[in-house]
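Hi there,

Here is the structure I promised to pass on to you. Have a look at it first, and then read on for what was found in it.

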Amino acid sequence: MQTSQPHGEGYAAAGNFSPDAVAASMQRGDGGFGREQQTYFDHPILRKAHWRWEIVAYFFAGGVAAAGYALASLARRGGDPADAELVRNGRYTALAGSLISSALLVKDLGRPERFLNMLRIAKLKSPMSVGVYTLVAFSTNAGFSALEQARIDGLIPLALPGFITKPVGALTGVPSTALMSSYTGVLLSATAIPIWYTGRRHIPAIFACSAATTGVALQSLLLALFGGSPRTAKKLETVELVASLAEAALLLDWERRAGDVAKPLFTGKRGSKLKTYTLGLGIALPALLNLGSVLSRKPPKKHHRVRTILTSALALYGGYVLREAVVYAGRDSADDPRAYLRHPE
Amino acid sequence: MDRAQNNDTVGAEQLPASKMGFFTDVTLCIGCKACEVACKQWNQLPSDGYALTGNSYDNTSRLSATTWRHVAFVEQMDREVPADSRWMMMSDVCKHCTNAGCMEACPTGAIVRNEFDDVYVQPDVCNGCGYCVPSCPFGVVAVQPKAGVAQKCTLCYDRQKDGIEPACSKSCPTDSILFGPIDELQVKARARVATLQAAGKEAHLYGVDGEETRDVGALNAFFLIPDRPEVFNLPPKPVLPSRFQPAAYASALMGAAAMALVGAGIFRRSGDRA
């Protein structure tokens with residue numbers, strides 16, 4: 001399949017001169033097409049999103065923050081006193097993650113000073129609008145629980161009263177956390193870009209699993225660095241194992257079902273990077289290293305710090321590579337008119 | 001419903017009797033690019049540079065944030081029977097869809113349907129999030145980096161408000177571009193198709209009631225084309241992105257729910273033991 005891409009980075013700035021297009025025309029010799037013409041000079045039909053690293057990092061940070069908040073809530077509900085460090089770290093990272101996410105989202109706008117225009121309407125039909133309100137609700141809850149934690153830790157004398165925080169948390173806590181971990185997948189799937197819309201049954205679930213994998217990895221990393229109970233570490237390793245294997249299974253299923261349309265993601269340089277850093281070093285290797293201690297029936301005595309730091313760092317990087325690959329694969333998919341013309345659904 | 005929602009910019013009594021739009025007839029276009037130039041001049045769009053693509057006479061390549069009319073040049077050379085060769089030109093433009101993907105995607109409400117039933121980006125509201133760009137099934141709207149906002153054909157909203165026709169159709173020397181009420185244009189277009197087909201020529205409409213309108217509905221800027229749509233870089237079956245949302249949200253919620261159950265199970269079980 002031949003794909004000329006005369007509209008690379010800086011196309012608008014540099015004008016539309018494309019050596020590739022000239023070379024292709026010279027090669028044809030007759031300066032045109034016959035009646036069997038398939039495309040218009042292989043020019044893209046669709047236009048790619050301008051999204052750069054900010055959006056990739058936003059997707060990543062949002063997932064990590066959501067998983068941090070979810071873990072803190074679940075651990076607190078579980079009631080194991082050994083998990084106290086996890087609750088504290090989870091609450092603080094959720095707030096930090098939501099602040100970083102907001103900053104990245106604003107920075108990516110063409111007119112950052114108009115960020116608040118996103119809040120002038122609410123629109124269920126637009127995943128971007130749903131996402132902004134998700135971010136607002138999630139950040140609010142994360143802020144409340146971080147304040148509460150700061151009060152418990154003695155950093156501040158008193159936090160917000162429960163009659164304010166509790167109803168907000170009860171109404172928006174679960175949906176905003178669930179959406180925060182996965183709506184970014186909906187954001188990509190609900191576009192006209194073939195690789196994204198054909199992956200609509202996989203991308204959001206993969207992002208949710210990856211949010212769990214990376215979020216747990218960050219909590220494991222924090223516990224290994226700043227101290228925590230080995231029992232908590234083992235629970236985290238178990239969650240990470242299940243989440244990462246689900247993520248790998250979904251990714252492989254997507255590749256198997258998608259066929260040609262997903263080539264920009266699963267083949268070439270991007271494909272080998274995805275397979276090496278996400279599937280290999282980010283999922284398979286940590287799973288192998290942690291499998292022994294997860295399956296062992298004895299209560300864990302020792303915290304394997306070095307192993308945890310290594311596997312967590314690998315899982316985090318793998319998660320970042322996944323978001324980057326899926327977002328940037330959309331550029332190539334948009335540039336390939338044949339992918340859209342075949343119209344797989 | 002969308003139309004009613006977006007009428008807050010104008011009084012309902014100002015609504016024109018009919019939807020206004022373009023009918024672009026490829027068989028009449030001579031490729032003079034007067035429409036491109038008139039559009040650039042009237043809308044004060046900056047130059048795209050002086051560059052040659054080597055693709056026939058098409059040095060604009062495609063619609064962009066600063067090119068709202070684009071003339072495509074299709075050379076179909078037949079080496080065996082040179083007399084069968086065709087050289088076709090088509091002036092492409094924003095389709096102003098009935099169901100507009102860009103408008104559905106816009107989180108700020110900057111993209112509205114105006115009183116002429118055309119899809120309009122309010123430049124003072126748009127914050128340049130860029131989500132309309134991959135959501136357009138025709139690859140039309142784009143973010144202009146210097147302005148930082150999304151831009152596309154306005155169907156000369158300013159001229160229409162003063163009761164004059166858009167710059168491109170005004171400047172078209174062969175009336176390949178016609179402007180007017182959609183229902184009248186469709187009648188003219190059907191008559192033209194009948195004339196051409198009676199003369200034994202291939203001709204059909206794009207954007208009136210064909211397969212291409214399945215998702216996006218009838219187009220307020222529609223075309224008469226003498227070949228398959230993809231020959232002119234038009235998608236034969238443009239998709240409306242919101243159609244994919246139910247499956248995507250289902251996937252998102254199933255993924256998130258599964259992860260929450262795993263976490264809850266593991267943390268509760270160990271909690272009981274402690």
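Below are some notes to read alongside the model.

For the complex, the predictor gives an ipTM of 0.90 and a pTM of 0.90. Chain B has an average pLDDT of 90, and 91% of its residues score at least 70. One stretch needs care: over residues 1–12 of chain B, pLDDT stays under 50. For that stretch the model has eleven contacts beyond four places in sequence. Where pLDDT is low, the predicted coordinates should not be read in detail.

**Chain A**

Among the contacts in chain A with a separation of 6 or more, 79% are between residues 24 or more positions apart.

After H8(A) comes A:Gly227, which has a positive phi, near 95°.

Within helix H8 of chain A you will find A:Gln219. Is A:Gln219 buried or exposed? Its relative accessibility is 0%, and the cut-off for buried is under 20%, so A:Gln219 counts as buried. Beyond its neighbours within four places in sequence, A:Gln219 is in contact with A:Gly68, A:Leu71, A:Leu86, A:Asn89, A:Gly90, A:Thr93 and A:Leu236.

**The largest pocket**

The largest pocket holds about 1200 Å³ of space. It is lined by 43 residues, and those closest to its centre are A:Tyr69, A:Ser73, A:Leu74, A:Gly173 and A:Val174. Which elements give two or more residues to this lining? From chain A they are helix H3 (53–78), helix H5 (127–152), helix H6 (162–189) and H8, and from chain B helix H9 (245–273). By class, the lining has 27 nonpolar, ten polar and six charged residues.

**The cavities**

How many cavities of 30 Å³ or more does the structure hold? There are seven. About 130 Å³ of space lies in the largest cavity. Of its 16 lining residues, B:Arg62, B:Leu63, B:Asp92, B:Phe138 and B:Asn233 are the closest to its centre. Strand S2 (69–76) and strand S3 (86–93) of chain B are the elements that give two or more residues to the lining of this cavity. The lining residues divide into nine nonpolar, four polar and three charged.

**A lysine in a loop**

Finally, take a look at B:Lys237, in the loop between strand S10 (221–225) and H9 of chain B. With a relative accessible area of 32%, B:Lys237 is partly exposed. Which residues does B:Lys237 touch, leaving aside neighbours within four places in sequence? B:Lys237 is in contact with A:Tyr340, A:His343 and B:Glu211. The C-alpha atoms of B:Lys237 and B:Val216 are separated by 9.3 Å, and the two residues are 21 residues apart along the chain.

Enjoy exploring the model!

Best wishes

Conventions:
Residues are numbered from 1 along each chain as its sequence is written. Chains are lettered from A and ligands numbered from 1 in the order in which they are written. This is a predicted model: local features need pLDDT of at least 70, side-chain atom pairs count only at pLDDT 80 or more; totals for chains, interfaces and linings use all residues. Side-chain values use heavy atoms; hydrogens and water are left out. On a 1 Å grid over the protein atoms alone, a cavity is a set of points where a 1.4 Å probe fits but cannot get out, and a pocket is an open set with protein on both sides within 12 Å along at least five of seven lines; lining residues have an atom within 4 Å of a point. Grid points are joined across faces, edges and corners, and a volume is the space filled by probe spheres set on the points. Helices (H or I, at least four residues) and strands (E, at least two) are DSSP runs, numbered from the N terminus. Ala, Val, Leu, Ile, Met, Phe, Trp, Tyr, Cys and Pro count as nonpolar, Asp, Glu, Lys and Arg as charged, and the others, Gly among them, as polar. pLDDT is the predictor's confidence in each residue, from 0 to 100. Contact means heavy atoms within 4.5 Å. Buried means under 20% relative accessible area, exposed over 50%, partly exposed in between (1.4 Å probe, protein chains only).
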